[in-house]
Amino acid sequence: MPLELTALAKIAAHWLSTGLPLTLLSPLLALLFNLPGPRDRGLLFVSLLIGTPAVSAVAAIGASLTLSLKRGGLILPLIILPLLAPVVIFGAGAVSATLETGSLATGAEPALLELLALFFAAVLLSPLCGAAASVRLNLGS
């Protein structure tokens, strides 16, 4: 099996165990945030559905970069947090803009499109980074 596919499977397993439960519980959790309507709760669900796989993929990139370091766990947050900031900003911005404008098209669409671009970039690049780290450390053989 190619190393890229193995890395993608690990990213998918991480998302299935962490991101998917959070996404599925989001309409219920939206009640805690007093989101007024079902449209806003649905937008929160969609933004989490797009954003949480991107977070898992970015975390995989950071993990592959710090794989060979002795104290990689100490530097990992410093590498990952700046890369996660756009995902959090655009995800929260989509919901916030819809609440302010009251319209899905004018408020959330640009933020959701940016979030979708981040999703595709992270999901496409992270298996390659994971495979490259495996080859560099001779874990693939």
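How many salt bridges does the structure hold? The answer is 1 salt bridge, and it has a close-up of its own below. Please keep in mind throughout that this is a predicted model.

View 1. The protein has 5 helices and 0 strands. Reading from the N terminus, the order of elements is α-α-α-α-α. The C-alpha trace spans about 55 × 25 × 25 Å along its principal axes. Of the 141 residues, 34% count as buried. Take the contacts between residues at least 6 apart in sequence: 68% of them join residues at least 24 apart.

**View 2. Helix α2 packs against helix α3.** The axes of these two helices lie 9 Å apart, and the packing angle is about 170 degrees. Angles over 145 degrees count as roughly antiparallel, so α2 is roughly antiparallel to α3. Sorted by class, the contact between α2 and α3 has 17 nonpolar, 5 polar and 2 charged residues.

**View 3. Helix α3 crosses helix α5.** Here we look at residues 72–101 (α3) and residues 109–136 (α5), whose axes come within 8 Å and cross at roughly 150 degrees. This pair, too, is therefore roughly antiparallel. The crossing of α3 past α5 is left-handed. On the α3 side, the contact is made by Pro-86, Val-87, Phe-90, Gly-91, Gly-93 and Ala-94. On the α5 side, look for Ala-111, Leu-112, Glu-114, Leu-115 and Leu-118. By class, this contact of α3 with α5 has 8 nonpolar, 2 polar and 1 charged residues.

**View 4. Arg-39 and Asp-40 form the salt bridge.** The side chains of these two residues meet at 3.5 Å, N to O. The salt-bridge cut-off is 4 Å, so the pair at 3.5 Å qualifies.

View 5. With a relative accessibility of 66%, Asn-34 counts as exposed.

**View 6. Leu-35 is a buried residue of the loop.** Leu-35 also has its place between α1 and α2. Leu-35 is buried, with a relative accessible area of 11%; the cut-off for buried is under 20%. Leu-99 is 64 residues away from Leu-35 along the chain, yet their C-alpha atoms are separated by 8.3 Å.

**View 7. Ser-56 is a buried serine in helix α2.** Our last stop takes us into helix α2, where Ser-56 lies. Ser-56 is buried, with a relative accessible area of 5%. Not counting residues up to four places away in sequence, Ser-56 touches Ile-11, His-14, Trp-15 and Thr-18.

Note on methods
Residues are numbered from 1 along each chain as its sequence is written. This is a predicted model: local features need pLDDT of at least 70, side-chain atom pairs count only at pLDDT 80 or more; totals for chains, interfaces and linings use all residues. Side-chain values use heavy atoms; hydrogens and water are left out. Axes are lines fitted to C-alpha atoms, for helices over the stretch in contact, and angles run from 0 to 180 degrees between N-to-C directions. Helices (H or I, at least four residues) and strands (E, at least two) are DSSP runs, numbered from the N terminus. Angles under 35 degrees count as roughly parallel, over 145 as roughly antiparallel, 65 to 115 as roughly perpendicular and the rest as oblique. A crossing is left-handed if the near helix is turned anticlockwise from the far one by less than a right angle, and right-handed if clockwise. Contact means heavy atoms within 4.5 Å. Ala, Val, Leu, Ile, Met, Phe, Trp, Tyr, Cys and Pro count as nonpolar, Asp, Glu, Lys and Arg as charged, and the others, Gly among them, as polar. Buried means under 20% relative accessible area, exposed over 50%, partly exposed in between (1.4 Å probe, protein chains only).
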